[in-house]
Amino acid sequence: MKYYKEKEYSKRTPIRQSKAFKGKLVGSKGNIPDDAVECLALSVIGNNVLASINGEFPARYVDCSVSGKVISPNGDSTLVAVGDNVKVIIENFTDSKLKGRILSVEQRYSKLSRKVAGKGKGEHVIASNFDNLIILVSTYQPTYSKRFIDRLIIASEIGGVKPCIVVNKIDLVEDMEFFKDDLQIYRQMDIPLFFVSANDNVGLETLMEFLTDKISLFFGPSGVGKSTIVNQLLGESIQQIREISERTNKGQHTTSFVKMLSLPFGGKIIDSPGVREFAMWDVDKLNLAMHYHDFDEYYLQCKYLPCSHIHEPDCAVIQALEGGLISPERYESYMNIYNTLES
Ligand SMILES: Nc1nc2c(ncn2[C@@H]2O[C@H](COP(=O)(O)OP(=O)(O)OP(=O)(O)O)[C@@H](O)[C@H]2O)c(=O)[nH]1
Ligand SMILES: [Mg+2]
Ligand SMILES: [Zn+2]
């Protein structure tokens with residue numbers, strides 16, 4: 001189905017391009033012309049957004065610029081993130097290639113956000129409007145850190161997405177018992193846990209079932225195998241977006257930007273660049289405990305409120321820990337993260 005007539009667009013005068021991306025050019029109100037097209041942002045590289053037109057099959061892609069004024073209800077947050085629903089005015093097109101400009105961004109229903117690097121408290125949205133956060137780690141090369149996993153579980157709660165842990169490279173391990181025991185705590189928290197080997201094609205079918213008809217973001221440290229798994233799941237399907245967006249990235253294996261791809265068995269998958277650390281957005285020393293639901297029953301009974309649950313006398317959380325009602329591992333996780341927070 002076409003959303004516009006060719007003639008209307010050839011008459012349109014080109015709109016002046018501006019290099020600015022953020023700040024004063026963002027408004028919360030404004031008129032959107034009727035001929036704007038609803039699209040989904042598939043990759044964002046600087047001011048360039050590759051989007052697909054909603055409701056079209058086979059998909060048609062639009063190379064969009066972000067310039068001029070953009071209407072967004074998302075405040076100071078990332079202006080356009082992968083997964084955003086955007087309204088685009090098509091400015092120039094041939095059958096195979098559309099070019100457009102983003103006029104507005106819709107409110108996000110879910111997201112994964114991190115704190116922007118540096119001292120500010122700003123929000124960097126890695127991707128939006130997805131269902132599952134796949135926290136991808138590996139047994140070795142690199143080994144995983146549970147504190148990293150814990151941070152992402154908290155971030156998934158803040159962003160309104162479902163966390164799931166995938167441990168890759170099990171082919172490098174002879175005895176899986178250690179890993180199963182070590183990660184048992186997450187099973188107790190009802191977080192789906194998968195052990196896979198992308199190299200040996202083990203466990204991917206079960207993972208596939210889990211991902212079917214959902215939108216899932218693969219996120220984790222560099223080198224854990226995110227792209228390898230994403231590619232295996234995509235199978236023989238045409239990876240047009242990869243071709244378009246990786247033109248400038250030949251010969252490099254490491255992923256350099258976030259991109260959304262369609263799964264051949266239904267659903268979508270978002271590949272993302274590896275991260276070294278993850279600074280949580282919207283979490284501080286005062287509200288961290290609220291994300292530890294095993295503390296829920298206790299933390300309002302502490303004698304001193306607010307209570308850090310670390311050194312105060314008559315702390316109900318510490319009493320619950322001593323009474324065996326809170327797992328020492330969860331408490332240690334809390335303390336570790338608490339000590340890394342600045343305020
Ligand atoms: N042994 C083993 N190696 C794997 C497996 N999966 C991926 N690898 C290897 O791990 C390396 C990194 O894989 P990538 O898929 O590029 O990792 P990534 O997580 O996408 O990395 P970034 O894009 O840098 O974040 C490659 O050399 C892969 O061949 C696996 O199941 N077992
Ligand atoms: Mg990658
Ligand atoms: Zn306390």
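Predicted model: local features only at pLDDT ≥ 70, side-chain atom pairs only at ≥ 80, totals over all residues.
A residue is called buried here when its relative accessible area is under 20%.

**View 1. Four protein donors hold the zinc ion (ligand 3).** Cys302 and His309 are both buried. Along the chain, the donors follow the spacing C-x4-C-x1-H-x5-C. The arrangement around the zinc ion is tetrahedral because the four donor atoms subtend angles of 102 to 116°. For comparison, the ideal angle for four tetrahedral donors is 109.5 degrees.

**View 2. Ser113 sits in strand β8 (residues 111-115).** With a relative accessible area of 6%, Ser113 falls under the 20% cut-off and is therefore buried. The side chain of Ser113 makes a polar contact of 2.6 Å with that of Glu123. Beyond its neighbours within four places in sequence, Ser113 also touches other residues, including His124, Val125, Ala155, Phe278 and Trp281.

**View 3. Helix α9 (residues 328-340) has a buried side and exposed residues opposite.** The 13 residues of α9 should span 18 Å at 1.5 Å a residue, and the end C-alpha atoms are 19 Å apart, which agrees. Arg330, Tyr331, Ser333, Tyr334, Ile337 and Tyr338 are buried. These residues cover an arc of only 155° around the axis, so they lie on the same side of α9. Pro328 and Asn339, on the other side, are exposed. The packing partners of the buried residues are α2 (146-159), α4 (184-188) and α8 (316-322).

Conventions: Residues numbered from 1 in each chain as written. Chains lettered and ligands numbered in written order. Heavy atoms only, no water. Donors = N, O, S within 2.8 Å, 3.2 Å for Na, K, Ca; no water. Tetrahedral: all angles 85-135°; square planar, octahedral: opposite > 155°, others 65-115°. Buried < 20%, exposed > 50% of the residue type's maximum accessible area, 1.4 Å probe, protein only. Helix = DSSP H or I, 4+ residues; strand = E, 2+ residues; numbered from the N terminus. Polar contact = N/O pair within 3.5 Å; in protein donor to acceptor, adjacent residues only side chain to side chain. Contact = heavy atoms within 4.5 Å. Expected span 1.5 Å × (residues − 1). Arc of directions from axis to C-beta.
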